[in-house]
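Please look over the sequence and the model shown here before reading on. The report that follows goes through selected parts of it, one heading at a time.

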Amino acid sequence: MTTAETPAYRSDLPQQRKLVTAIPGPKSTAIHQRRSVAVSAGVASTLPVYTADAGGGVIVDVDGNSLIDLASGIAVTSVGNAAPKVVAAVRESVGHFTHSCFMVTPYDGYVQVAEKLNELTPGSHAKRSALFNSGSEAVENAVKIARLATGRTAVVVFDHAYHGRTNLTMALTAKAAPYKKGFGPFAGEIYRVPMSYPFRDPDGLGGKEAAERAISIINTQIGADQVAAVLVEPIQGEGGFVVPADGFLPALSQWCTSSGAVFIADEIQSGFCRTGDWFASDHEGVVPDLVTTAKGMAGGLPLAGVTGRAELMDAVHGGGLGGTYGGNPIACAAALAAIETMADLDLNAAAKRIEGTAVPILQTVAEQTGRIGDVRGRGAMLAAEFVIPGTTDPDPAVAAAVAKACHAQGVVVLTCGTFGNVIRLLPPLVIGEQLLVEGLGVLTDAVRAI
Ligand code: PLZ
């Protein structure tokens, strides 16, 4: 429970949108100039205001502007930024030891996070976990485990998928620019099949039929007995917040079970209360063989995990998995506090409340303007897909213009999608109702003003 000394979320920052300079302001602009000669041009930023403070539903920049946060640093600060319990746990942990390496002299925090992951991920079977630093690393390791455990090599991924930026995960990711362009050659034995994307399905297929379409390609072009793993985001993230039609994920999972392939759910963006369930797989009762996690799990500290069936996870020889920093003790302390906060505040309910507020507002502006072809998502993982009115042709220019207008007005939103025409909403789950409505008002006014 939340004690009187430790409030559940950071409320000491005024929960308001307040612009005191142009966006970006003079201090941000000065840092940005230094950045341009210090930081690689290959690392881009959505909105170059430099962060000084953040908590609840706001980000305060170095010029003193207070912005509404509808991004959570890409679905990370679900418990709120600098969440008090996370901060307290980090402070306590860092004073004891900063690192010993779990592969040298281990520590209990890592074991406790593994226990939590084993408890919270879907399914009541015996599970094991291993911890890493980033989402990409978790996905890489899930593929390693699946290949070793099955003795097979092929990995099936989907159109619009995003799984990371390392060499293997670039190959798993669908979109060429900016993620893959010029960075090849890519890892082999990766096969891409069609996703269930209801708004754009060329054949208008439901979930089960879309799964059959994918399975038919797997059977004929790869061979069922060659497949080590089918890897899918239960709700796709960077690819456009694509929610597969009901029945798609269960059918894929069943095919994996009957074919001896490992079903891997990449829950890095969709996990930890984001969609109103602990994991997006829970929605249809899908029990993946392996689950990858990161982002929301540790309240902003870098931590990632692979959790799955004990027999798969334990198939790996001792020393086959690891990494110097994987499961860093401070990140583990943060994760335990973040997960406790999620339970204390019932952030699954909070995500559903956000959906209940935001979806009608987005649907109204969609009907009024004709510029949004599809409003979709679940919980606090919501999106509007922009189209040329009267068609389903993607309109990335309008999505970009709307995002830019939001930024100028002090509302942090992100775009995504294979066609770059989707605005996604990922507010901290502790955002106040008024602030959320104000942020959505800025967004919908920007759509109307186009
Ligand atoms: N799997 C489903 O969403 C990270 C990427 C931002 P890392 N998504 C944000 C960017 O442009 O780099 C992500 C994800 C899913 C894997 C990853 C990769 O996680 O922690 O960024 O490596």
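Cys273 counts as buried because its relative accessibility is 0%, where buried means under 20% relative accessible area, exposed over 50% and partly exposed in between, with a 1.4 Å probe and protein chains only. The model is a predicted one, in which local features need pLDDT of at least 70 and side-chain atom pairs count only at pLDDT 80 or more, while totals for chains, interfaces and linings use all residues. Residues are numbered from 1 along each chain as its sequence is written, and side-chain values use heavy atoms, with hydrogens and water left out.

Most residues other than glycine have a negative phi, and most peptide bonds are trans. Cys273, although not a glycine, has a positive phi of about 75 degrees, and it sits in the loop between S8 and strand S9 (290–293); helices (H or I, at least four residues) and strands (E, at least two) are DSSP runs, numbered from the N terminus. Phe241, also a residue other than glycine, has a positive phi near 55 degrees and belongs to the loop between S7 and H8. Phe241 is buried, with a relative accessible area of 0%.

## Two cis peptide bonds

The peptide bond from Ile23 to Pro24 is cis, with omega near -5 degrees, and Pro24 lies in the segment before helix H1 (26–38). Another cis peptide bond joins Gly184 and Pro185, where omega is about 5 degrees, and Pro185 is placed in the loop between H6 and S6.

Leaving aside neighbours within four places in sequence, Thr173 is in contact (heavy atoms within 4.5 Å) with Ala161, Tyr162, His163, Gly164, Tyr179, Lys180 and Arg192. With His163 there is a polar contact, in which a polar atom of the Thr173 side chain lies 2.9 Å from the backbone nitrogen of His163; a polar contact is a pair of N or O atoms within 3.5 Å, and within protein one must be able to donate a hydrogen and the other to accept it, while residues adjacent in sequence count only if both atoms are side-chain atoms.

Helix H3 (residues 84–96) has 13 residues and reaches 19 Å from its first C-alpha to its last, close to the 18 Å expected at 1.5 Å a residue, the expected span being 1.5 Å times one less than the number of residues. Its buried residues are Pro84, Lys85, Val86, Ala89, Val90 and Ser93, and what covers them includes helix H10 (329–344).

Helix H8 (residues 248–259) has 12 residues that should span 16 Å at 1.5 Å a residue, and its end C-alpha atoms are 17 Å apart, which agrees. Nine of the 12 residues of H8 are buried, so this helix is largely enclosed by the rest of the structure. Those buried residues include Phe248, Leu249, Trp255 and Cys256, and the buried residues of H8 pack against strand S5 (154–158), helix H7 (207–222), strand S7 (227–232) and strand S8 (262–266). After H8 comes Gly260, whose phi is positive, near 75 degrees.

## The ligand and its shell

How many residues surround the ligand? There are 15, and the closest are Gly135, Ser136, Arg165, Asp266 and Gln269, a residue being near the ligand if one of its heavy atoms lies within 4 Å of it. By class, the shell has four nonpolar, six polar and five charged residues, where Ala, Val, Leu, Ile, Met, Phe, Trp, Tyr, Cys and Pro count as nonpolar, Asp, Glu, Lys and Arg as charged, and the others, Gly among them, as polar.

A polar side-chain atom of Ser136 lies 2.6 Å from an oxygen atom of the ligand, and one of Glu238 lies 3.3 Å from a nitrogen atom of the ligand. For Asp266, an N or O atom in the side chain is 2.7 Å from a nitrogen atom of the ligand. Taken alone the ligand exposes 510 Å², of which the protein buries 82%, with accessible areas coming from the Shrake-Rupley method with a 1.4 Å probe and, for residues, only the protein chains shown counting as cover.

## Cys416 in strand S14

Cys416 is found in strand S14 (residues 414–416) and counts as buried because its relative accessibility is 6%. Not counting residues up to four places away in sequence, Cys416 touches Gly237, Glu238, Gly240, Phe241, Asn421, Val422 and Arg424.
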